[in-house]
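Grab a pencil and open the structure viewer. Below are some exercises, each with a solution worked out step by step.

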Amino acid sequence: MTVPTSRHDAQERDAADPLAGLRDRFVVDDLLYLDGNSLGRLPAATGDHLAGLVRDGWGTELVRSWPTWIEWPRRIGDRIAAHALGARDGEAIVSDSTSVNLYKLAAAALDARPGRGTILADAEEFPTDRYLLEGLAAQRGHTLRLLPSDLDEGLDPDTLAAALTEDVALVVLSAVSYRCGALLDVAAVTDAARRVGALVLWDLSHAVGSVPLELTAAGVDLAVGCTYKYLNGGPGAPAFLYVRRELQESLRQPIWGWFGQRDQFRMGAGYDPAPGPERFLVGTPPVLGMAALDPALDVLADAGMDRVREKSLRLGELIIELADAWLVPHGFQLASPRDPRRRGGHVSLHHPEALRISRALVDAGVVGDYRVPDRLRLGPAALYTRHVDVWDAMDRLRDLAERRAWTEVPAEPSRVT
């Protein structure tokens, strides 16, 4: 059996890591944090940035700050587009939550494909996405067809291809599976759907900031995603939506609010959607929440998504290597694609006691998370996670496995998304 990477080797990799210096731009303690795919760490500059906004922008300038703030959904959306989405200015905007954005774009897409009665989604899609589509299908008389997919490998492209008929109006998929981390070929899926006249709406929540995206080049129609995972925007940070420039004028979202109105301060009698991505806004933007995105995006911009992806793959491969060597003898199995080209930024491991193991890990100073039915999910974010952090976390997991330490931990449901 091949000897796995030693702790010294992990330290050597960190010494050669071109992103190593970015760790100092986050608030980092002794906790071994492998849950960056649920909530990213706090950028060190965020606290002072928000304090200044509260003190000066709100406290001193008050409503005089609005001429600046009112542009933030578009400005920050353009920053996300440039540094994380591979999109053009005017194709992304910060707005609402991921779920609300998905509802808005899914409804607009269905209206844009009259006479078609089918919505396609992965049966293992994130629950909110499935629930929203179920509701839209019931309201509009559409058929929601949930495609079977493998818990550990994700959706087979051949399964999707067989389901793409001319009755399909909309396909909704995650670029990276929330459970197993399986990565879909965004360009290939988009092209296959376009050939039958269907629109594709991508959920990028577990992809953005983790894998390089080229939405414009891939011809992506629609996308949504959150900013509190790999983008490190903070708990409850506002989400973003993306609409391909050429599609914007033909879509009308279902929630007609004053921030989506042309010349909004004229307070016109009737609704006339604004040009560009602003037409997908609804109400007053969450200024404090948006503000936290600027220092977070500064770090991502300096890193570059190609280097982020390169390191993310190395961290994931280290998890798998050590799991194969240390954990498989104790009943663990890989529950993510082994091929790194088919995997996003997190790795899942299967064990019948995964829930209690995840709780025992927290007691041991390691934070990952749990997903049903019995998956331990580990998300090492490349901007601040070291190779030695992964090594130490896996070493503590090995110790727990050898001692079966989880047997003393009560099984309680996880509330981490």
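## Exercise 1: a helix and its cover

Among what covers the buried residues of α8 are α7 (157–163), β5 (168–174) and β6 (199–203). Before you start, note that this is a predicted model, where local features need pLDDT of at least 70 and side-chain atom pairs count only at pLDDT 80 or more, while totals for chains, interfaces and linings use all residues. Residues are numbered from 1 along each chain as its sequence is written, and side-chain values use heavy atoms, leaving out hydrogens and water.

**Task.** Find which residues of helix α8 are buried, and describe how they are arranged.

**Solution.** 
- Step 1: Helices (H or I, at least four residues) and strands (E, at least two) are DSSP runs, numbered from the N terminus. Buried means under 20% relative accessible area, exposed over 50%, and partly exposed in between (1.4 Å probe, protein chains only).
- Step 2: go through residues 186–195. The buried ones are Val-186, Val-189, Thr-190, Ala-192 and Ala-193.
- Step 3: look down the axis of α8. These buried residues fall within an arc of 165 degrees (taken from the directions from the helix axis to the C-beta atoms), so they line one face of the helix.
- Step 4: check the ends. Asp-185 caps the N-terminal end, with a side-chain oxygen 3.3 Å from the backbone nitrogen of Ala-187. After α8 comes Gly-197, which has a positive phi, near 85 degrees.

## Exercise 2: the nonpolar core

**Task.** Work out which residues touch the most other members of the largest nonpolar core.

**Solution.** 
- Step 1: define the core. It is a set of buried Ala, Val, Leu, Ile, Met, Phe, Trp, Tyr and Cys residues joined through side-chain atoms within 4.5 Å.
- Step 2: see who contributes. Helix α4 (residues 72–85) gives the largest share, six residues.
- Step 3: look for another core. There's a second, separate one of 33 residues, which includes Trp-326, Leu-349, Val-388 and Trp-406.
- Step 4: zoom in on Trp-202. Contact means heavy atoms within 4.5 Å. Leaving aside neighbours within four places in sequence, the contacts of Trp-202 include Val-186, Val-189 and Thr-190, which are also among the buried residues of α8.

## Exercise 3: a loop residue

**Task.** Find where Thr-385 is placed.

**Solution.** 
- Step 1: Thr-385 lies in the loop between β13 (375–378) and α13.
- Step 2: its relative accessibility is 2%, so Thr-385 counts as buried.
- Step 3: a polar atom of the Thr-385 side chain lies 2.8 Å from the backbone oxygen of Ala-381.

How values were computed
Polar contact = N/O pair within 3.5 Å; in protein donor to acceptor, adjacent residues only side chain to side chain.
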